[in-house]
Amino acid sequence: MSQDLPAHVLQQASEQHLDFINLQFVDILGTVKTVTIPAEDLPKAIEHGVWFDGSSIEGFARIAESDMYLVPDLQTYRRIPWNTTPGSATARIICHVYTPHGKPFAGDPRYVLQKMLQQAAEMGYIYQVGPELEFFLFRLDQGKRGTIPRPHDEASYFDDTTEQATDARRRMVKSLQEFGVGVDASHHEVAAGQHEIDLSHSEAMQAADNTLTCRMTIKAIAQSMGLYASFMPKPIANVNGNGMHIHQNLNDIATGRNVFFNADDLYGLSKVGQQFIAGLLTHAPAMIAILAPLVNSYKRLVPGYEAPVYLSWGHTNRSALVRVPRVSSGRAQSTRVELRCPDPSCNPYLAFAVMLAAGLDGIKRELPLGEAAEEDLFHVDPRALGLEALPTSLGEALRALQEDEVIQAALGPHIYERFLDAKMQEWKEYSSYVTQWELDRYLPIF
């Protein structure tokens, strides 16, 4: 940390006449947690950290070992654009979590990603990530069967409407820019009420922080406009679900050169790039439990709705699990691979960590990459192409995770065990729950 950074942050806080500081961190499920302190206590927080009870946080600690403290990452200091009114002006800082012994907490998702980035650095690489977040804007109606999500608009893919949703996206992008988050594009998605915001490529830790910031911003702006923003993977049956496609590449740590590029290859991919993709495909069945972590996630990962199902890769094939987007002439540094199975309910720190672990394993073991599949896999028999499928349920995904030591090692024993316990419980509860569909279908007959 630069010696000037604390002084710079304190000067900013003073000039912005802040009243409060939100110290943020995430649990293993990716839920943002916040400890709010008065702005005048920021110098003490920077110097000594802020203690909190970790026993109340999902997957953190047992009661007997609950004391932990937050160390502010001052690089993430930003004033919250919608909290600027005198008396409530607030900034946020994302924090590292430490144990009472002054060591990084093994259950901190940021620490998990930090360790994987160090492994990449030791191999000579910088991991770059660009997430694309899809979400719905709803009005919530109350019906006899509970809350009913009603899409805010009836527009479709790339429609430019004059409705409130267009203004909402613009306000979201503007707020993200005020947060210092780069945005490449925003647009209406395929389904009614569905939208997408594409974040700029950045180093993976910053990209994960930006993903959290983006989710928080989208929800806050939607709420201020009387709308509800949902990142639920499949909130409405029979329409496209919400994905979070992840564009990624490795840069040479010494030169900054994109090591995925090879001008002589048909797909513009170097051997390292091909091995990285092979690693993603090899470990996809296990890491899907992290990338698509909800019971509901697997209702998105079905044929026919632009979500990948089969372990495949291709160039222009949007039904493939991994896509290699075309790059304009003279823009070799833009060479990247796009993983299309994650959804925006995932914990971005854990998601980026396991994707990097999978790709690096492909490089270390020099895994061969099979033939590209350019066919529309939703309209051919993938078995004829020798393609395997992703797990079809959270239960199957968790079983695959239990068999993959590379992904387990990336998570570390603490997070792996607690994530598995939490998700096994979720799967068990869902498996024994009687849904309204079952009552509608079977009660009149049997």
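Glu-366 sits in the loop between H7 and helix H8 (394–401); helices here are DSSP runs of H or I with at least four residues, strands are DSSP runs of E with at least two, and both are numbered from the N terminus. This is a predicted model, where local features need pLDDT of at least 70 and side-chain atom pairs count only at pLDDT 80 or more, while totals for chains, interfaces and linings use all residues. Residues are numbered from 1 along each chain as its sequence is written, and side-chain values use heavy atoms, with hydrogens and water left out.

**Loop residues with a positive phi**

- Glu-366 isn't a glycine, yet its phi is positive, near 50°.
- Glu-366 is exposed, with a relative accessible area of 59%. (Exposed means over 50% relative accessible area, buried means under 20%, and partly exposed is in between, using a 1.4 Å probe and protein chains only.)
- His-17 is another non-glycine residue with a positive phi, about 55°.
- You'll find His-17 in the loop between helix H1 (4–15) and strand E1 (20–26).
- His-17 counts as exposed because its relative accessibility is 62%.

**The chain as a whole**

- There are 10 helices and 16 strands in the chain.
- Of the 446 residues in the chain, 54% are buried.
- The chain exposes about 20300 Å², and carbon and sulfur atoms supply 49% of that. (Accessible areas come from the Shrake-Rupley method with a 1.4 Å probe; for residues, only the protein chains shown count as cover.)
- Take the contacts in the chain with a separation of 6 or more: residues 24 or more positions apart account for 69% of them. (Contact means heavy atoms within 4.5 Å.)

**Helix H7 and its partner H3**

- Helix H3 (residues 109–122) and helix H7 (residues 348–364) have axes that come within 8 Å and cross at roughly 25°. (Axes are lines fitted to C-alpha atoms, for helices over the stretch in contact, and angles run from 0 to 180 degrees between N-to-C directions.)
- That angle makes H3 roughly parallel to H7. (Under 35 degrees counts as roughly parallel, over 145 as roughly antiparallel, 65 to 115 as roughly perpendicular, and the rest as oblique.)
- Residues in this contact include Val-112, Leu-113 and Met-116 of H3, along with Phe-352, Leu-356 and Leu-360 of H7.
- Sorted by class, the contact of H3 with H7 has 13 nonpolar, 1 polar and 2 charged residues. (Nonpolar covers Ala, Val, Leu, Ile, Met, Phe, Trp, Tyr, Cys and Pro; charged covers Asp, Glu, Lys and Arg; the others, Gly among them, are polar.)

**Helix H7 and its partner H9**

- The axes of H7 and helix H9 (residues 405–431) come within 7 Å and cross at roughly 140°.
- With that angle, H7 is oblique to H9.
- Among the residues making the contact are Leu-350, Ala-353 and Asp-361 of H7, and Val-406, Ala-410 and Ile-415 of H9.
- By class, the contact of H7 with H9 has 10 nonpolar, no polar and 1 charged residues.
- Asp-361 belongs to helix H7, and this residue is buried, with a relative accessible area of 9%.
- Setting aside neighbours within four places in sequence, Asp-361 is in contact with His-283, Leu-367 and Val-406.

**Residues that meet partners along the chain**

- Ser-175 is part of helix H4 (residues 164–178), and Ser-175 is buried at 8% relative accessible area.
- Ser-175 and Trp-82 are 93 residues apart in sequence, with 8.0 Å between them in space, C-alpha to C-alpha.
- Not counting residues up to four places away in sequence, Ser-175 touches Pro-81, Trp-82, Thr-217 and Ile-221.
- Val-183 is in strand E9 (residues 183–188), and at 19% relative accessibility Val-183 counts as buried.
- C-alpha to C-alpha, Val-183 and Ile-197 are 7.2 Å apart, and 14 residues separate them in sequence.
- Glu-203 lies in strand E11 (residues 202–203) and is partly exposed, with a relative accessible area of 28%.
- Between the C-alpha atoms of Glu-203 and Leu-250 there are 9.6 Å, while the two are 47 residues apart along the chain.
- Glu-203 also touches Leu-117, Ile-126, Tyr-127 and Gln-128, leaving out residues up to four places away in sequence.
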